[in-house]
Amino acid sequence: MDVTAGEGDGDGTFWDPSDCTGTPYCPPRCPRFVDKFGEGLVIRPYEEHDWDALNEMYRDYAREHRSMGLPPVGDVYIADWLTGLVDHGRNFVAVDGDRIVGHITYVPREGPEPELAVFVHQDSHNRGIGTELCRHVIADAATAGLDALILHVAKENRRAIHVYLGLGFEVVASESTDTKMRLDLDQSVLAKTRTTPDAGERPGVRGVGQ
């Protein structure tokens with residue numbers, strides 16, 4: 001199955017997964033993704049050659065869109081932070097043409113309840129990319145046999161909390177500045193997120209996240 005990001009043929013059929021029957025080698029969730037504007041992207045695991053493009057996304061990340069001190073600011077701090085995520089976490093990227101526009105990670109990759117963090121470049125907000133990245137990580141972590149995913153979100157970020165609740169996360173603690181949420185990775189969660197191209201749903205018209 002060809003999952004290279006690129007332009008469609010003008011009528012949306014390039015990214016329509018209904019013509020694909022899938023193969024035994026497909027990942028837990030189809031990497032093809034069509035955003036709510038009809039633009040095709042690929043969501044896939046991070047690879048070593050992605051370092052420069054991912055680093056560039058964070059160097060160009062607007063300060064006003066940072067939350068709870070992340071992502072860090074400054075080349076050295078960004079590089080140190082990314083190195084830790086790549087070395088110890090499980091990472092996925094959203095690729096739009098030749099650019100990485102989104103990144104999600106859970107750390108540690110083999111912990112029973114690792115912590116999730118997701119970032120979408122400000123120029124690609126409101127396309128559903130953040131929600132789809134979350135679905136990929138949920139499917140990946142559930143397939144790996146992990147018990148749960150946890151995350152911390154700024155208490156005032158009601159939109160993100162709404163999206164996480166829609167994905168099945170539950171609020172487990174609420175402090176003055178942040179809310180802790182948890183998703184139990186049971187079989188029902190896996191059934192909702194593990195899809196192949198012939199599952200009958202258009203990947204890009206699902207989420208309302210970043």
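The following legends describe close-up views of a predicted model.

**View 1. Helix α2 and its buried side.**
Helix α2 is formed by residues 75-88, 14 residues in total. From its first C-alpha to its last, α2 reaches 20 Å, close to the 20 Å expected at 1.5 Å a residue. Four residues of α2 are buried, namely Ile78, Trp81, Leu82 and Leu85. They cover an arc of only 95° around the axis, which puts them on the same side of α2. An α-helix has 3.6 residues a turn, so residues three or four places apart point the same way. Val76 and Asp80, on the other side of α2, are exposed. The cover over the buried residues of α2 includes α1 (51-59) and the strands β3 (90-96), β4 (99-107) and β5 (115-120).

**View 2. Helix α1 and its packing partners.**
In helix α1, the buried residues are Leu54, Asn55, Met57 and Tyr58. Because they cover an arc of only 155° around the axis, these residues lie on the same side of α1. The elements they pack against are α2, β3, β4 and β5.

Val107 is found in strand β4. With a relative accessible area of 27%, Val107 is partly exposed. Apart from residues up to four places away in sequence, Val107 touches Leu85, His88, Gly89, Pro114 and Glu115. Leu85 is one of the buried residues of α2. Val107 and Ala117 are separated by 10 residues in sequence and by 8.6 Å in space, C-alpha to C-alpha. The peptide bond from Val107 to Pro108 is cis, and its omega is near -5°. Pro108 itself belongs to the loop between β4 and β5.

**View 3. The loop between α1 and α2.**
Met68 lies in the loop between α1 and α2, and its phi is near 55°, a positive value in a residue other than glycine. The relative accessible area of Met68 is 46%, so this residue is partly exposed. Pro71 is also placed in the loop between α1 and α2. The peptide bond that leads from Leu70 to Pro71 is cis, with omega near -10°. For context, most residues other than glycine have a negative phi, and most peptide bonds are trans.

His125 lies in the loop between β5 and α3 (129-143). The relative accessible area of His125 is 19%, and the residue is therefore buried, as the cut-off is under 20%. A polar atom of the His125 side chain lies 2.9 Å from the backbone oxygen of Val120. Asn126 is placed in the loop between β5 and α3 as well. Its phi is positive, about 65°, although Asn126 is not a glycine. At 32% relative accessibility, Asn126 counts as partly exposed.

**View 6**
Strand β6 comprises residues 148-154 and is mostly covered, with 6 of its 7 residues buried. Strand β8 (residues 178-184) is joined to β6 by 7 bridges, and the two strands run antiparallel. Within this pairing, Ile150 has Arg182 of β8 as its bridge partner. Strand β7 (residues 170-174) is likewise antiparallel to β8, and 4 bridges join the two. Val171 stands opposite Met181 in β8.

**View 4. Cys30 and Cys134.**
Cys30 has a relative accessibility of 6% and counts as buried. Cys134 also counts as buried, at 2% relative accessibility. A disulfide is a covalent bond between the sulfur atoms of two cysteines. The structure holds 0 disulfides.

Methods:
Residues numbered from 1 in each chain as written. Predicted model: local features only at pLDDT ≥ 70, side-chain atom pairs only at ≥ 80, totals over all residues. Heavy atoms only, no water. Expected span 1.5 Å × (residues − 1). Buried < 20%, exposed > 50% of the residue type's maximum accessible area, 1.4 Å probe, protein only. Arc of directions from axis to C-beta. Contact = heavy atoms within 4.5 Å. Pairing = 2+ DSSP bridges. Disulfide = S-S within 2.5 Å. Polar contact = N/O pair within 3.5 Å; in protein donor to acceptor, adjacent residues only side chain to side chain.
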